[in-house]
Amino acid sequence: PEEGILLYRQRRYADLEVGTEVWSREILAEIASLKQFRAIVHVLEKDIAGVEKGKDADVFLEAFPHMKFGGRIEKIDRVAKQITRRDPRKYFECAVLLDVPAELIDELKPGLALKAEIEVNKWEDVIVLPKSALIANDAEFTVFVQESDDYREQPVEILASDYGFSVVKGLKEKDLVCLQHPYESQQLVLPDFSAPSSQTQSRRFQRFE
């Protein structure tokens, strides 16, 4: 005696049907409550830093493309896992409790596709630059800012880095930043293909000359 929607579990090898072989203690179905909705969000293992229980999240459902649903992270798995065999990356599964307006409760259904945005940090007066624009000087970093026909070196503070870009502080909104060192030519350094790699030195490979 429970209200909700009966959801059959997705099986790896065969769908449930009359005559399907099942095993003891195997969960075949669940009853989804329609009083509260949770979004299941998968976060890459390398992006989990800063994602914590209680953080706010914005959820966008494909069925409602022009709406944004607020929510809070309710639970985060302790161990990262693969989602599919084809994707070797590991993800942390996060449950986000959604704030759904009362008038939309009856329109939402379990299993809707979604994407989520989780704010882990907030900075002011910062700019995003490609890493090629940053010049390392010992433990500090600088960039070259254009002034008329010349350039000046400006110290910056790196707040975060990822995907080949860095969030830096210490620049103004209209500064023209060089994307590479203006006084040094970049040289392309190729690896030494004649040197044996760790794989060619293993027992499974032999090197032929």
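User: What volume does the largest pocket have?
Analyst: The model is predicted: local features need pLDDT of at least 70, side-chain atom pairs count only at pLDDT 80 or more, and totals for chains, interfaces and linings use all residues. A pocket is an open set of points on a 1 Å grid over the protein atoms alone where a 1.4 Å probe fits, with protein on both sides within 12 Å along at least five of seven lines. Grid points are joined across faces, edges and corners, and the volume is the space filled by probe spheres set on them. For the largest pocket this comes to about 2000 Å³.

User: Which residues lie nearest the centre of the largest pocket?
Analyst: Lining residues have an atom within 4 Å of a pocket point. The largest pocket has 45 of them, and those nearest its centre are Arg9, Gln10, Glu30, Ile40 and Glu93.

User: Which element gives the largest share of the lining of the largest pocket?
Analyst: Elements are DSSP runs numbered from the N terminus: helices (H or I, at least four residues) and strands (E, at least two). Two or more lining residues come from each of β1 (5-8), β2 (29-32), β3 (38-44) and β6 (91-99). The largest share, five residues, belongs to β6.

User: How many charged residues are in the lining of the largest pocket?
Analyst: Asp, Glu, Lys and Arg count as charged; Ala, Val, Leu, Ile, Met, Phe, Trp, Tyr, Cys and Pro as nonpolar; and the others, Gly among them, as polar. The lining holds 24 nonpolar and eight polar residues, and its charged residues number 13.

User: Which element gives the largest share of the lining of the second largest pocket?
Analyst: The second largest pocket has a volume of about 350 Å³. It is lined by 15 residues, with Asp47, Ala160, Ser161, Asp162 and Tyr163 closest to its centre. Both β11 (150-162) and β12 (165-169) give two or more residues to this lining. The largest share, four residues, comes from β11.

User: Which residue makes a side-chain polar contact with Ser166?
Analyst: Ser166 sits in strand β12 and is buried (under 20% relative accessible area; exposed is over 50%, partly exposed in between; 1.4 Å probe, protein chains only), at 2%. Contact means heavy atoms within 4.5 Å, and beyond four places in sequence Ser166 touches residues including Ile127, Leu134 and Ala160. A polar contact is a pair of N or O atoms within 3.5 Å; within protein, one must be able to donate a hydrogen and the other to accept it, and residues adjacent in sequence count only if both atoms are side-chain atoms. At 2.8 Å, the side-chain partner of Ser166 is Ser161.

User: How far apart are the side chains of Arg38 and Glu74 in their polar contact?
Analyst: Residues are numbered from 1 along each chain as its sequence is written, and side-chain values use heavy atoms, with hydrogens and water left out. Arg38 belongs to strand β3 and is partly exposed, with a relative accessible area of 43%. Leaving aside neighbours within four places in sequence, Arg38 is in contact with Glu74, Val96 and Leu97. The side-chain polar contact between Arg38 and Glu74 is 2.5 Å.

User: How many disulfides are found in the whole structure?
Analyst: A disulfide is a pair of cysteine sulfur atoms within 2.5 Å. Cys94 is buried at 0% relative accessibility, and Cys178 is buried at 13%. The number of disulfides found is zero.

User: How many strands does the chain have?
Analyst: From the N terminus on, the elements run β-β-β-β-β-β-β-β-β-β-β-β. The chain has zero helices, and its strands number twelve.
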